[in-house]
Amino acid sequence: MKTGIIGGTFNPIHLGHLAIAREMQQRFALDRVLFIPAAVPPHKQVDGLPPFPQRLAMVECAIAGHAGFESCDIEGRRPGKSYSLDTLKQLHTLFPDDSFYFLIGMDSLNSLHTWYHFEEIFPLCHLVVARRPGVPQPASTDALPVAIRGQFCYDSVLKTFCHTSGSYLYFLTESFIDISSTEIRTNLADNRPVEDVLPQAVCEYIKTHHLYASGKG
């Protein structure tokens, strides 16, 4: 089975996440895409972060009715910080016959050397990078971060990068990360509309549970 992984705080999950997941699903003919909220994000602390169960519930609202999209609470059931390496190892144990495609953003790729035992991640999955608008797709290893470029070679036929372990590094070509979760939270706190960037079911969940309210007025 070919399994995609999209993780993050999902604070909150938005339409950009869904668009990127759909492109990844279609491009790699994935059997499923797992949406995995981070229980304890290791790389950033967010003031007022809703509890894990609420962020998981928003994910489930967002993906309802999308074929092949599944929520996964694996990081909420594990103590300590939510390291991607630990999650990948656990998924390999649970689904030993699966091939994994792990989605990250361009910012994460550039800071990958700061991740927990980042070198051990490459053999466990193919990396799929979602670019930001205006950022070109790299066409040589020189464009990769210094910390990892020596571990990859560029396949000019496939137009992608191959790791020494045999895993690949791909870049999405159509969907971009151009929605700011920070801006969404600010707009929610100021009672400004967010329906154009959030699934309707997520808007309703946020309203029902009074999430991201500023307390003003």
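Which helices each supply at least two residues of the lining of the second largest pocket? Hold on to that question, everyone, and I'll come back to it in a moment. One thing to keep in mind as we go: what you see here is a predicted model.

Let's begin with the largest pocket. Its volume is about 1100 Å³, and 41 residues line it. If you want to find its centre on your screen, look for Gly7, Gly8, Thr9, Lys44 and Ser108, which are the closest lining residues to that point. Several elements give two or more residues to this lining: strands E1 (2-8) and E4 (99-105), together with helices H1 (15-27), H3 (84-94), H4 (106-110) and H6 (181-189). As for the classes, there are 18 nonpolar and 18 polar residues, plus five charged ones.

Now, back to my opening question. The helices are H6 and H7, the latter spanning 200-208. H7 gives the largest share of that lining, with five residues. This second largest pocket holds about 430 Å³ of space. Its lining counts 21 residues, and those nearest the centre are Leu188, Asn191, Cys203, Ile206 and Lys207. By class, that lining has ten nonpolar, six polar and five charged residues.

How are two packed helices described? By the angle between their axes and the distance between the axes. On the H2 side, the contact is made by Gln54, Ala57, Met58, Cys61 and Ala62, while H7 brings Ala201, Val202, Tyr205 and Ile206. Eight of these contact residues are nonpolar, one is polar and none is charged.

Last stop: what about cavities? The structure holds one cavity of 30 Å³ or more, and the volume of the largest cavity is about 30 Å³. To locate this cavity, select His43, Tyr83, Ser84, Leu85, Trp115, Tyr116 and Ile121, which line it. Five of the lining residues are nonpolar and two are polar, with no charged residue in the set.

Key. Residues are numbered from 1 along each chain as its sequence is written. This is a predicted model: local features need pLDDT of at least 70, side-chain atom pairs count only at pLDDT 80 or more; totals for chains, interfaces and linings use all residues. Side-chain values use heavy atoms; hydrogens and water are left out. On a 1 Å grid over the protein atoms alone, a cavity is a set of points where a 1.4 Å probe fits but cannot get out, and a pocket is an open set with protein on both sides within 12 Å along at least five of seven lines; lining residues have an atom within 4 Å of a point. Grid points are joined across faces, edges and corners, and a volume is the space filled by probe spheres set on the points. Helices (H or I, at least four residues) and strands (E, at least two) are DSSP runs, numbered from the N terminus. Ala, Val, Leu, Ile, Met, Phe, Trp, Tyr, Cys and Pro count as nonpolar, Asp, Glu, Lys and Arg as charged, and the others, Gly among them, as polar. Contact means heavy atoms within 4.5 Å.
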